[in-house]
Amino acid sequence: MPNDSHQRAAEFHEQAAHAHRAAAVHHGKEDHQTGNEHSRQAMEFANKAHQASLNAHQKSQNAAQKAGK
């Protein structure tokens, strides 16, 4: 199960990176309104990725502690 949580965190990181790239493209084309929306989405995905990473880390620690008992 810890691998699933790590995979989910990785997916959020990928989504955030994609949104950041899309925002950069739109800002480069001076389409700031669309760029700002992509930036907002990137921040949301980055926050989800961070939380998912923390959860995955906690699950891994719990599994390691159980295995060590």
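Let's start with one residue. Glu37 is partly exposed, and its relative accessible area is 34%. Keep that residue in mind; we will come back to it. One caution before we go on: this is a predicted model.

First, the overall picture. The protein chain has 2 helices and 0 strands. Helix α1 covers residues 2–28. Helix α2 covers residues 32–68.

Now the outline. Along the principal axes, the C-alpha atoms fill a box of roughly 60 × 15 × 10 Å. The radius of gyration is 16 Å, whereas a compact globule of 69 residues would come in near 11 Å. What share of the 69 residues is buried? The buried share is 17%. The accessible surface of the chain is about 5100 Å². Carbon and sulfur atoms hold 53% of that surface.

Next, contacts. Gln7 and Ala56 are separated by 49 residues, yet their C-alpha atoms are 8.8 Å apart in space. Where does Gln7 sit? Gln7 belongs to helix α1. Is Gln7 buried, partly exposed or exposed? Gln7 is partly exposed, at 46% relative accessibility.

On to charge. The chain carries 8 positive side chains and 7 negative ones. The centres of those two sets lie 12 Å apart. Side chains of opposite charge can pair when their charged atoms come close. How many salt bridges does the structure hold? The count is 3.

Let's take helix α1. Here the side chains of Arg8 and Glu11 form a salt bridge, with 2.8 Å from N to O. Why can these two meet? Arg8 and Glu11 are 3 residues apart in helix α1, so about one helical turn separates them. Both ends are partly exposed: Arg8 has a relative accessible area of 40%, and Glu11 has 32%.

Now helix α2, and back to Glu37. The side chain of Glu37 meets that of Arg40 in a salt bridge, at 2.4 Å from N to O. Glu37 and Arg40 are 3 residues apart in helix α2, so they are separated by about one helical turn. Arg40 is partly exposed, with a relative accessible area of 38%.

Arg40 has another partner. Which residue is it? It is Glu44, whose side chain forms a salt bridge with Arg40 at 2.0 Å, N to O. This time the two residues are 4 apart in helix α2, and that is also about one helical turn. Glu44 is partly exposed too, at 39% relative accessibility.

To recap. The model is predicted. The chain has 2 helices, and the structure has 3 salt bridges. Arg8 pairs with Glu11 in helix α1.

Conventions: Residues are numbered from 1 along each chain as its sequence is written. This is a predicted model: local features need pLDDT of at least 70, side-chain atom pairs count only at pLDDT 80 or more; totals for chains, interfaces and linings use all residues. Side-chain values use heavy atoms; hydrogens and water are left out. A salt bridge is a side-chain nitrogen of Lys or Arg within 4 Å of a carboxyl oxygen of Asp or Glu. Buried means under 20% relative accessible area, exposed over 50%, partly exposed in between (1.4 Å probe, protein chains only). The radius of gyration is taken over C-alpha atoms; the globule rule is 2.2 Å times the number of residues to the power 0.38. Accessible areas come from the Shrake-Rupley method with a 1.4 Å probe; for residues, only the protein chains shown count as cover. Lys and Arg count as positive and Asp and Glu as negative; His and the chain ends are not counted. The place of a charge is taken as NZ of Lys, CZ of Arg, CG of Asp or CD of Glu.
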